[in-house]
Amino acid sequence: MCDEQTQKLLDLANGQRPPGSRLVIEQGSFASRLWWVVKAPFRTLMCLSLVTVFFATYFGFMLPVMWARTVWPRLYWFVEGKLYRWLQSFIAYWGYTAGYDVYEYGDDVTTYYRDERVLMMCNHQSTADVPTLMTVLQNKGVASRKTLWLMDIMFRWTPFGIIGNNHGDYFIQQGKSTREKELVRLKKHLHDVFWDRDRRWVILFPEGGFYYKRVESSQSYGKKNGFPHLLYTTLPRMGAVKAILEEVGPRTVDEDEPRERSNSKLKLLKDTVGAIREKKYVKGEA
């Protein structure tokens, strides 16, 4: 069980509850509720139409450049990244049309989306986190099209999931029985995708679910194992974070050789030819 203070956050008190635990239809006056009921079907239709139309548009633009995936991968992933960013802007538009504006404040993160590779961990409060984050990514330079999302496997066969699968996102099968196998698969996926496709940001919701659904078990686990007592977030699932840092995180000179990506198969061909020539030269000298 969670503590008394957290329970107050979860209980209905003074008309307020944590984000994600109360529907908008439960709030406001009768007139606002009625208006919400009237416009909900139209907004649902609009959102589904946007994603469906973009799904067809995405593959309509990708098919003509499919040949470049092997012979000119840099061109292929540039086109794919642009389309992927536009898909995010379509989803971000849902919040804008609902009357939400997103403001950022704090330190300047320009250097992180311009020059660095970032593991971004977001406190998961509700489904609205995703379009909000996609709104934020729109002004983050190449990070918006070079992201690698980790999401639940239930989204794999949705329109966004199919596009994400082509982009290189990873879909996690949660559960104790598959945990170890999933971590191995995640590391292999990062090894195959992150560097070769020049990804910059890995986006992860470390709680593995919504705050209000996980906080009780999180606090119980933290108390049992001596971890910090958290009120407004849950303890992160460290398995995925550890796997990501081991595979794509910074390395010291004593560890493996620096990981480089190949921008094209042409570079690999040149390297191979160069190696063959060098061996012939050395053999001739001997």
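## Helix α4 and its buried residues

A residue is called buried when its relative accessible area is under 20%. In this predicted model, that description applies within helix α4 to P73, Y76, W77, E80, G81, L83, Y84, L87, Q88, I91 and A92.

Helix α4 itself covers residues 73–97, which makes 25 residues, and from its first C-alpha to its last it reaches 36 Å, close to the 36 Å expected at 1.5 Å a residue. Just after α4 comes G99, whose phi is positive, at about 95°.

## How α4 packs against α7

Two packed helices are described by the angle between their axes and the distance between the axes. For α4 and helix α7, which spans residues 159–167, the angle is about 150° and the axes are 11 Å apart. Because angles over 145 degrees count as roughly antiparallel, α4 is described as roughly antiparallel to α7. The crossing of these two helices is left-handed.

On the α4 side, the contact is made by Y76, W77, E80, Y84, L87 and I91, while α7 contributes F160, I163, G164, N166 and H167.

In helix α6, which runs over residues 129–137, the buried residues are D129, P131, L133, M134, V136 and L137. These buried residues pack against several elements, namely α4, β1 (118–121), β2, α7 and β4.

Between α6 and β2 (147–152) there is a loop, and S144 lies in it. S144 counts as buried because its relative accessibility is 0%. If its neighbours within four places in sequence are left aside, S144 is in contact with Y84, R85, Q88 and L137.

Most residues other than glycine have a negative phi, and most peptide bonds are trans. D198, although not a glycine, has a positive phi of about 55°.

D198 is found in the loop between α8 (179–193) and β4 (201–204). With a relative accessible area of 5%, D198 is buried.

How values were computed
Residues numbered from 1 in each chain as written. Predicted model: local features only at pLDDT ≥ 70, side-chain atom pairs only at ≥ 80, totals over all residues. Heavy atoms only, no water. Helix = DSSP H or I, 4+ residues; strand = E, 2+ residues; numbered from the N terminus. Expected span 1.5 Å × (residues − 1). Buried < 20%, exposed > 50% of the residue type's maximum accessible area, 1.4 Å probe, protein only. Axes fitted to C-alpha atoms, helices over the stretch in contact; angles between N-to-C directions. Parallel < 35°, antiparallel > 145°, perpendicular 65-115°, else oblique. Left-handed = near helix turned anticlockwise from the far one by under 90°. Contact = heavy atoms within 4.5 Å.
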